[in-house]
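Please keep the sequence and the model in view while reading.

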Amino acid sequence: MKLERLPEDHHEEAVEFLGSVFAASRDAPFLNRELRHWKYYRPHPFREGTRCYVFRDMQGLLAHGGFCPVQYSGGDGIKTSFQLIDWAGAQRCPGAGFLLFRELWPQADSHLGIGGSDDARRVMRRIPGVRELEGMVQCAYPLRPWRQLALSRQSWKSPLKLARSWKWRVARKRPKLDAWKAVPVGQLGDADANLLVPASGGSYLPLRRIPGLVNYWLECPAARVRASRLEYAGAAVGLVVLAFLPKEARIVDLIVNTASAPLAEAFSLAIDLAAQDRDACELVGGSSAAPVIQAMADAGMIPRATSPIFFGRSEE
């Protein structure tokens, strides 16, 4: 089998294949033409060219995988990594999906996997050189419990969920945020680069963010993505990026570049910003870094789920 980049004009072929593997209808959100264009064909600051890869035989596609580039900044320079998304293999050729992954692995310094289907997790746990790390913790905060209840499918658990949401809201500490200001930005420029380096204190290795990457996020067609420059005591100290979907707001990223500006207060500000959207019923965010998880908890967000993280360095 030969690894190929799938051209954008083969959209229908990809939709038919992925729909059959995942038992999804053609109008499933992840098969949307605009979203696929953004994921695989829109220019990305970390990788040139098409990011959709396939195997095929005479009958059609055998495997499909999207190369989602990631970078880290450390003391020894920039390291490349990737996440494999929309990963699928045909039943008529067992192992085709795994072989596609093995072909892509050497194209970066490492591979990063977060969550995934049960099948994908089983495969990851069997691959030599891939380690399962501490998980990605997802936290949530209820913005509008009554609206969330009204828009959700009703069951005997619904009153319990409503009571729990109100308990979380009442328990949340609301610090004074007078020193903070969120300034909406349409696009980032080179002058904003220093805002995208979190004050990690050496406790974790942060992902590399650059203005071009944030601008790429802002173009995502699956949600209304908004960025705001964070100011504390009159100085610019970071950035928050929120994605607004039906009923839900998500923290795409939140960075504070100085320890002098409390990270928990920045997350409290993010909650207040998300609450300004009348359609958002809850705010969701996630991290694997202990200081960030603690800051979300201190802001009143509740840990709700943990997804496994798989990491493997490329083979020599």
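Trp-87 and Phe-101 are both buried in this predicted model. Their rings form an aromatic pair that is tilted, with 5.8 Å from centre to centre and 40° between the planes. The pair links distant parts of the chain, since Trp-87 belongs to strand E4 (residues 77-89) and Phe-101 to helix H3 (residues 96-104), 14 residues apart. Both residues also belong to one aromatic cluster, which is formed by Tyr-53, Phe-67, Phe-82, Trp-87, Phe-101 and Trp-105.

What does Phe-101 touch, not counting residues up to four places away in sequence? The contacts are Phe-82, Leu-84, Trp-87, His-111, Met-124 and Ile-127. Phe-101 is also part of the largest nonpolar core, which has 33 residues. Within this core, Phe-82, Leu-84, Phe-101, Leu-104 and Met-124 touch the most other members. Several elements contribute to the core: H1, strand E2 (52-57), strand E3 (60-74), E4, H3 and helix H4 (118-126) each supply at least two residues. Apart from this core lies another, of 32 residues, which includes Val-240, Ile-251, Leu-273 and Ala-289. As a general rule, nonpolar side chains in soluble globular proteins tend to be buried together.

A search of the whole structure finds nine aromatic pairs. One of them is formed by Trp-38 and Tyr-216, whose rings are stacked, 4.5 Å apart from centre to centre and with 10° between the planes. Because Trp-38 lies in helix H2 (residues 33-40) and Tyr-216 in helix H7 (residues 211-218), this pair ties together parts that are 178 residues apart in sequence. Trp-38 and Tyr-216 are both buried. Elsewhere, another arginine is placed over an aromatic ring: Arg-172 lies over the face of Tyr-141, at 5.2 Å from the ring centre.

The next topic is the pairing of charged side chains. How many salt bridges does a search of the whole structure find? It finds 16. One of these joins Glu-12 and Arg-33, with the closest N and O atoms 3.3 Å apart. Glu-12 is in helix H1 (residues 11-21) and Arg-33 is in helix H2, so that the pair links distant parts of the chain, 21 residues apart. Glu-12 counts as partly exposed, at 38% relative accessibility, and Arg-33 is partly exposed as well, with a relative accessible area of 47%.

Another salt bridge connects Asp-277 with Arg-224, the closest N and O atoms being 2.8 Å apart. Asp-277 lies in the loop between helix H8 (263-275) and strand E11 (282-287), while Arg-224 lies in strand E8 (residues 224-232), and the two are 53 residues apart. Is Asp-277 buried or exposed? Asp-277 is buried, because its relative accessible area is 14% and the cut-off for buried is under 20%. Arg-224, by contrast, counts as partly exposed at 36% relative accessibility.

Arg-304 and Glu-282 form a further salt bridge, in which the closest N and O atoms are 3.0 Å apart. Arg-304 is in strand E12 (residues 302-313) and Glu-282 is in strand E11, so the pair ties together parts that are 22 residues apart in sequence. Here Arg-304 counts as partly exposed, at 38% relative accessibility, whereas Glu-282 is buried, with a relative accessible area of 10%. Salt bridges that share partners also join Glu-4, Glu-13 and Arg-56 into one network.

The last topic is a single helix, H9. The buried residues of helix H9 (residues 290-298) are Val-292, Ile-293, Ala-295 and Met-296. Why do they lie on the same side of H9? They cover an arc of only 160° around the axis, which puts them on the same side of the helix. In general, an α-helix has 3.6 residues a turn, so residues three or four places apart point the same way. The buried residues of H9 pack against strand E6 (130-142), H8 and E11. H9 is followed by Gly-300, whose phi is positive, near 105°.

Note on methods: Residues numbered from 1 in each chain as written. Predicted model: local features only at pLDDT ≥ 70, side-chain atom pairs only at ≥ 80, totals over all residues. Heavy atoms only, no water. Phe/Tyr/Trp six-rings, centres within 6.5 Å; stacked < 30°, edge-to-face > 60°. Helix = DSSP H or I, 4+ residues; strand = E, 2+ residues; numbered from the N terminus. Buried < 20%, exposed > 50% of the residue type's maximum accessible area, 1.4 Å probe, protein only. Lys NZ or Arg CZ within 6 Å of the ring centre and 35° of its normal. Salt bridge = Lys/Arg side-chain N within 4 Å of Asp/Glu carboxyl O. Core = buried A, V, L, I, M, F, W, Y, C linked by side-chain atoms within 4.5 Å. Contact = heavy atoms within 4.5 Å. Arc of directions from axis to C-beta.
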